[in-house]
There are 2 protein chains.
Amino acid sequence: MRSICGDIGGTHDDLAVVEDGEILLHQQRKTRRQHSFVNYLEDFIEEADDKGIGADRACFAAAGPVRDGVVNLTHTNLRVDREQIASSTDLTEVKVANDFTAFTDATQVVDESQIKHLQQGDSRDLDTVSVIGAGTGLGKGVLVGTENGHRHVESEGGHAPAPIRPRDGGLHSFIEDRTGRPPVQEDFVSGRGLKNIHDFLRQESFPNAEELSPEQISERKDRQDSCREAFDLFVSVYADLVRAFALETNPGKGVYIGGGVAARNPDEFGSRFVERFADAPEPRFERLLRGMPVRLVTDYKASLLGAEHILETH
Amino acid sequence: MRSICGDIGGTHDDLAVVEDGEILLHQQRKTRRQHSFVNYLEDFIEEADDKGIGADRACFAAAGPVRDGVVNLTHTNLRVDREQIASSTDLTEVKVANDFTAFTDATQVVDESQIKHLQQGDSRDLDTVSVIGAGTGLGKGVLVGTENGHRHVESEGGHAPAPIRPRDGGLHSFIEDRTGRPPVQEDFVSGRGLKNIHDFLRQESFPNAEELSPEQISERKDRQDSCREAFDLFVSVYADLVRAFALETNPGKGVYIGGGVAARNPDEFGSRFVERFADAPEPRFERLLRGMPVRLVTDYKASLLGAEHILETH
């Protein structure tokens with residue numbers, strides 16, 4: 001059965017026609033400065049119909065908390081509204097989910113070739129998976145297995161205060177001065193987090209480095225010292241937040257790392273990342289952390305497959 | 001059906017014979033300096049048999065992560081081992097659970113008279129409950145509803161790094177100097193956390209105050225300034241940690257606060273606590289937090305009922 005699946009993020013809106021985990025048609029636009037999601041969807045439906053691959057059900061994974069079938073996106077003014085979509089289109093079934101809720105479902109269907117095993121660990125009987133991933137923001141979610149499929153625990157943990165180490169206190173103050181409020185986790189680990197870290201290092205150690213976007217920092221990390229250091233610090237704090245969420249949710253089937261930053265830079269998530277992940281303040285928790293599978297999903301379109309999985313199973 | 005239920009904590013071991021939510025026999029000993037749980041259990045079973053209220057199944061809720069039916073308690077050397085208990089007793093069914101996993105179950109059966117509603121909120125369709133509670137340590141757990149009863153997400157979040165506010169940085173450094181490692185959440189919010197906070201305030205503002213135990217600080221909080229300030233700061237940081245966990249797990253049915261400290265001092269968890277709970281760094285999350293039911297469980301023996309609930313339903 002064909003489905004229209006969407007991944008409505010802070011930077012891009014992805015729409016696709018998906019059938020049995022295969023993407024038949026895919027379209028993307030920049031999210032910012034867009035005001036109507038429904039118009040974009042209507043155009044996409046028309047194109048799919050023209051190509052003879054129309055669908056009559058849809059699931060949209062959007063970056064924000066879901067309330068009564070509505071997501072007001074956290075990082076833009078866009079609104080994804082189940083009732084509005086249903087009344088504006090001929091779709092007979094419309095679901096709206098949090099983007100990381102969809103990504104938790106994607107962990108169940110993503111192709112093994114798209115998974116990098118960072119730490120083998122040993123799965124336990126408790127059928128729980130936790131996911132975390134930095135893109136425009138920092139998303140998290142938990143999937144709990146039952147006899148009748150899976151249930152979700154949604155998370156807005158990217159907006160919880162950041163449990164960073166005291167030695168990163170200067171960075172903490174830098175971000176607080178910049179934002180005028182106590183930092184939250186995604187002020188450190190997200191696209192803008194990478195920029196915050198680079199700007200902090202420019203102030204501290206690289207006065208001649210110019211201001212760069214997150215994409216530029218990623219691109220130049222192998223040839224410019226300020227970018228290299230920024231990316232290293234970013235990955236260290238990322239590992240701290242993955243460890244914290246792993247302790248908060250103690251997932252028997254391990255942690256999956258998603259999001260655009262890791263998907264585009266998988267080589268940066270190696271042994272240094274894993275060592276930092278397992279470095280618990282209380283040594284007796286190192287065993288628990290080393291026994292936990294840690295996997296990185298390199299498929300940037302995994303959430304689209306997750307959205308299809310939600311339609312298939314919920 | 002009668003069950004033997006246990007709540008094996010860092011300070012006390014509680015054993016009970018429970019039938020349909022009613023405690024027929026209850027016994028408690030101090031946990032510290034005990035080396036065998038099974039001997040204690042054997043004596044209790046003998047006493048229950050003598051009284052004609054024996055049981056042939058049991059569930060033990062213990063303060064530590066469960067692995068293959070074994071809990072090595074986090075705060076003592078005690079070990080609770082399903083196989084060992086089964087082979088040393090005539091019990092035909094033995095379960096071992098994390099203590100906060102049992103407390104999550106208790107939220108489903110605890111009597112309304114034992115609940116203080118701190119914030120009404122409005123339950124959402126997502127059938128998730130999060131629990132958090134300070135006693136000897138800081139426990140957490142999540143309960144997810146399904147068509148066939150509930151599933152647990154275990155948590156060791158009390159051992160995750162503490163996301164405290166920068167203005168509490170002096171306390172952070174004080175604890176780091178004392179422990180020789182970066183503080184974790186239960187260094188702030190637990191019995192020893194209350195003592196840490198009082199010791200910090202003695203150093204900062206009350207040089208003449210003597211060193212006190214957590215129990216003494218609680219007892220004297222209405223007549224000694226150092227204790228009053230320590231308890232106020234403790235409750236503020238407690239609210240910060242409840243908010244952080246509420247954001248991490250976004251529970252549709254709200255947050256339950258358990259643990260000995262809150263159960264014994266419910267009046268300290270009033271409007272000031274709720275205001276701090278809802279005070280998110282990013283104002284747009286205040287609505288989510290104010291919409292979340294927050295309840296305090298004053299029944300200190302709730303975990304025993306939760307252990308019975310696990311036997312009834314899993």
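Colleague: How many residue pairs are in polar contact between chain B and chain A?

Modeller: In this predicted model, the count between chain B and chain A comes to 14 residue pairs in polar contact, with both residues of each pair at pLDDT 80 or more. On the side of chain B that touches chain A, the elements giving two or more residues are β5 (66-67), β11 (138-146), β12 (149-155), α4 (169-179) and α7 (225-249) of chain B. The most comes from α7(B), which gives six residues to that side. Sorted by kind, the residues of that side divide into 19 nonpolar, 14 polar and 15 charged.

Colleague: What makes the pair A:R67 and B:D122 a salt bridge?

Modeller: The closest N and O atoms of A:R67 and B:D122 are 2.7 Å apart. The rule asks for a side-chain nitrogen of Lys or Arg within 4 Å of a carboxyl oxygen of Asp or Glu, and therefore the pair, an Arg and an Asp with 2.7 Å between those atoms, counts as a salt bridge. Between chain B and chain A the count of salt bridges is four.

Colleague: How much area do chain B and chain A bury between them, and which residues of chain B lose the most?

Modeller: About 4400 Å² is buried between the two chains, with 56% of it on carbon and sulfur atoms. In chain B, the residues that lose the most area to chain A are B:R67, B:E248 and B:P281, which together make up 16% of what that side buries. The contact takes 48 residues from chain B and 48 residues from chain A.

Colleague: Within chain A, which domains are there, and how far apart do their C-alpha centres lie?

Modeller: Chain A is divided into domain 1 (2-105 + 301-313) and domain 2 (112-298), and the C-alpha centres of these two domains lie 26 Å apart. Their contact takes 15 residues from domain 1 of chain A and 21 residues from domain 2 of chain A. The area buried between domain 1 and domain 2 of chain A is about 1300 Å², and carbon and sulfur atoms give 65% of it. Of the area that domain 1 of chain A buries against domain 2, A:F100, A:F103 and A:T104 supply 44%, more than any other three residues.

Colleague: Why is B:F60 called buried?

Modeller: The relative accessible area of B:F60 is 0%, and the label needs a value under 20%, so B:F60 is buried. B:F60 has its place in strand β4 (residues 57-62) of chain B. Leaving aside neighbours within four places in sequence, B:F60 is in contact with several residues, among them B:I4, B:L15, B:F37, B:V80 and B:V96.

Colleague: What makes the pair A:S226 and A:Q224 a polar contact?

Modeller: The side chains of A:S226 and A:Q224 make this contact at 3.0 Å, and because the limit for N or O atoms is within 3.5 Å, the distance meets it. A:S226 lies in helix α7 (residues 225-249) of chain A, and at 2% relative accessibility A:S226 also counts as buried, the cut-off being under 20%. Leaving aside neighbours within four places in sequence, A:S226 is in contact with A:H198, A:L201, A:F206 and A:A209.

Colleague: How do you know whether A:D68 and B:N250 are buried or exposed?

Modeller: For A:D68 the relative accessible area is 62%, and exposed means over 50%, so A:D68 is exposed. B:N250 has 0% relative accessibility, which is under 20%, and therefore B:N250 counts as buried. A:D68 is found in the loop between β5 (66-67) and β6 (70-72) of chain A, whereas B:N250 is found in the loop between α7 and β13 (255-258) of chain B.

Colleague: What is noted about phi in A:D68 and in B:N250?

Modeller: Phi of A:D68 is near 50° and phi of B:N250 is near 30°, each a positive value in a residue other than glycine. Such values are worth noting because most residues other than glycine have a negative phi.

Definitions and conventions. Residues numbered from 1 in each chain as written. Chains lettered and ligands numbered in written order. Predicted model: local features only at pLDDT ≥ 70, side-chain atom pairs only at ≥ 80, totals over all residues. Heavy atoms only, no water. Domains from an automatic or database assignment. Contact = heavy atoms within 4.5 Å. Buried area = accessible area lost by both parts, 1.4 Å probe. Polar contact = N/O pair within 3.5 Å; in protein donor to acceptor, adjacent residues only side chain to side chain. Helix = DSSP H or I, 4+ residues; strand = E, 2+ residues; numbered from the N terminus. Nonpolar A, V, L, I, M, F, W, Y, C, P; charged D, E, K, R; others polar. Buried < 20%, exposed > 50% of the residue type's maximum accessible area, 1.4 Å probe, protein only.
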